[in-house]
Amino acid sequence: MRKNIILAAALGLTLVSCGDKLAPVREDAIKPAVVTEPTPHDTDDPSIWIDPEDATKSLIVGTDKDTDGGLYMYDLNGKIVKKSITLKRPNNVDIAYGLMVGGKKTDVAVTTERESNKIRVFSLPGLEPIDNGGIDVFTGEAERDPMGIALYTQTKDSLTSIYAIVGRKSGPSGSYLWQYELAGNDNGTVTAKVVRKFGNYSGNKEIEAIAVDNELGVVYCCDEGKGIRKYKADPQGGNEELAFFGQTDFKEDHEGMAIYKATDSTGYILVSNQQANTFMVYPREGMNGNPNEYKLLAEIPTSTIECDGADATSLNLGGKFPKGMLVAMSNGMTFHYYDWNTIQKLIDENKK
């Protein structure tokens, strides 16, 4: 099937895999402003790094999921500008800003390395490893296989802490997700310690996609075959499930998630409706004055093929992305960049 997808991409066709069958992408699908150069193996998840001095020089970091894989860095034109050291099946990746490492604030990209049962930490924008070979996760568990990851940045009393919330291929309900506090050392490396275990699980498929909303202090995860779960991101905030939504909206799998922040507290949660090649859009702030009530606002058909991972920003990136972008993985070893204006137009039309 993979060969068919690659051939279709090379010929400019839009085909998707559905078991052993091929199905067309929707004719009304929006077109990406940019399609990245392909990686050698299998893209899975992207994350956007915002250049603090010039947002028009921001970069996309994405995973190439293979035993001989790695992290790839792209510019806003989709050109590959750097590759990390070789990694053993990196799955998902997320980015955080200002971790104190070696006495200086350091932006980091953290990815799961599934075949080694580790997370790997890289400095940005250099994309250099700073984890002394990796940090073991789910130690002592029978089920490890790290897949999903999201980073939570918390500021209390002028102190900033960064946490990695990590998911796996399978695990027990109630402690499917483990949360690690990252710590930078004087020698320039990063370590981590477990501070929390949480997360309900239906037992249907897996939980891979995880997204954190720093400003609202919450974390979402996709129980892939059932719906979207919501918890507090603060490790001291308790493990109560705040919401479980989107349970009847999807064709099949709930996949990659992105949060578009229109203001500090409003915007959209976008979730890949993988087998339909669409994104389901929910209100970031909730509805009817209830932050834990979610109703589907819109379904956005995209040209991505069976999207696994996504990220979004509302910052002006210049050029093709004055209101930010949605970046989404697509089969064919690429990522698609969508101008937010195009997505917002469809959301507004659905609201009418």
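Colleague: What volume does the largest pocket have?
Modeller: This is a predicted model, and the value is computed from its atoms. Rolling a probe the size of a water molecule over the atoms shows where empty space is left. For the largest pocket, the volume comes to about 830 Å³.

Colleague: Which element gives the largest share of the lining of the largest pocket?
Modeller: The lining is made up of 36 residues, and Tyr-97, Asn-214, Lys-261, Asp-311 and Ala-312 are the ones nearest the centre of the pocket. Elements that give two or more residues to this lining are β4 (43-49), β8 (90-101), β13 (146-156), β17 (207-213), β21 (254-261) and β25 (310-313). By type, the lining residues divide into 20 nonpolar, nine polar and seven charged. The largest share, six residues, is given by β8.

Colleague: Are the rings of Tyr-260 and Trp-340 stacked or edge-to-face?
Modeller: A search of the whole structure finds 13 aromatic pairs, and Tyr-260 with Trp-340 is one of the ring pairs. Tyr-260 belongs to strand β21 and Trp-340 to helix α2 (residues 340-351), so their contact ties together parts that lie 80 residues apart in sequence. Both Tyr-260 and Trp-340 are buried. Because the ring centres are 3.6 Å apart and the planes meet at 5°, where under 30 degrees is the cut-off, the pair counts as stacked.

Colleague: Which residue has a ring with Arg-229 over its face?
Modeller: Two arginines can be considered here, and for Arg-196 the ring is that of Phe-198, with 3.7 Å to the ring centre. For Arg-229 the distance to the ring centre is 3.9 Å, and the residue that carries the ring is Phe-244.

Colleague: How many disulfides does the structure hold?
Modeller: A disulfide is a covalent bond between the sulfur atoms of two cysteines. The closest cysteine sulfur to that of Cys-221 belongs to Cys-222 and is 7.4 Å away, which is too far for a bond, while Cys-307 is in no disulfide either, with the sulfur of Cys-222 nearest at 11 Å. Cys-221 counts as buried because its relative accessibility is 0%, and Cys-307 counts as buried at 2%. The number of disulfides in the structure is zero.

Colleague: How far apart in space are Tyr-152 and Pro-235, C-alpha to C-alpha?
Modeller: Tyr-152 is placed in strand β13, and with a relative accessible area of 6% this tyrosine is buried. In sequence, Tyr-152 and Pro-235 are 83 residues apart, whereas in space the C-alpha to C-alpha distance is 10.0 Å.

Colleague: Which residues does a cis peptide bond join, with omega of about 5°?
Modeller: Most residues other than glycine have a negative phi, and most peptide bonds are trans. With omega at about 5°, the cis bond joins Leu-124 and Pro-125.

Colleague: Is Phe-138, which has a positive phi, buried or exposed?
Modeller: Arg-89, in the loop between β7 (80-83) and β8, has a positive phi of about 60° although it is not a glycine, and with a relative accessible area of 25% Arg-89 is partly exposed. Phe-138 has a phi near 55° and lies in the loop between β12 (135-136) and β13. Since the relative accessible area of Phe-138 is 0%, this residue is buried.

Definitions and conventions
Residues are numbered from 1 along each chain as its sequence is written. This is a predicted model: local features need pLDDT of at least 70, side-chain atom pairs count only at pLDDT 80 or more; totals for chains, interfaces and linings use all residues. Side-chain values use heavy atoms; hydrogens and water are left out. On a 1 Å grid over the protein atoms alone, a cavity is a set of points where a 1.4 Å probe fits but cannot get out, and a pocket is an open set with protein on both sides within 12 Å along at least five of seven lines; lining residues have an atom within 4 Å of a point. Grid points are joined across faces, edges and corners, and a volume is the space filled by probe spheres set on the points. Helices (H or I, at least four residues) and strands (E, at least two) are DSSP runs, numbered from the N terminus. Ala, Val, Leu, Ile, Met, Phe, Trp, Tyr, Cys and Pro count as nonpolar, Asp, Glu, Lys and Arg as charged, and the others, Gly among them, as polar. Rings of Phe, Tyr and Trp (its six-membered ring) pair if their centres lie within 6.5 Å; planes under 30 degrees apart count as stacked, over 60 as edge-to-face and the rest as tilted. Buried means under 20% relative accessible area, exposed over 50%, partly exposed in between (1.4 Å probe, protein chains only). A charge sits over a ring if NZ of Lys or CZ of Arg is within 6 Å of the ring centre and within 35 degrees of the ring normal. A disulfide is a pair of cysteine sulfur atoms within 2.5 Å.
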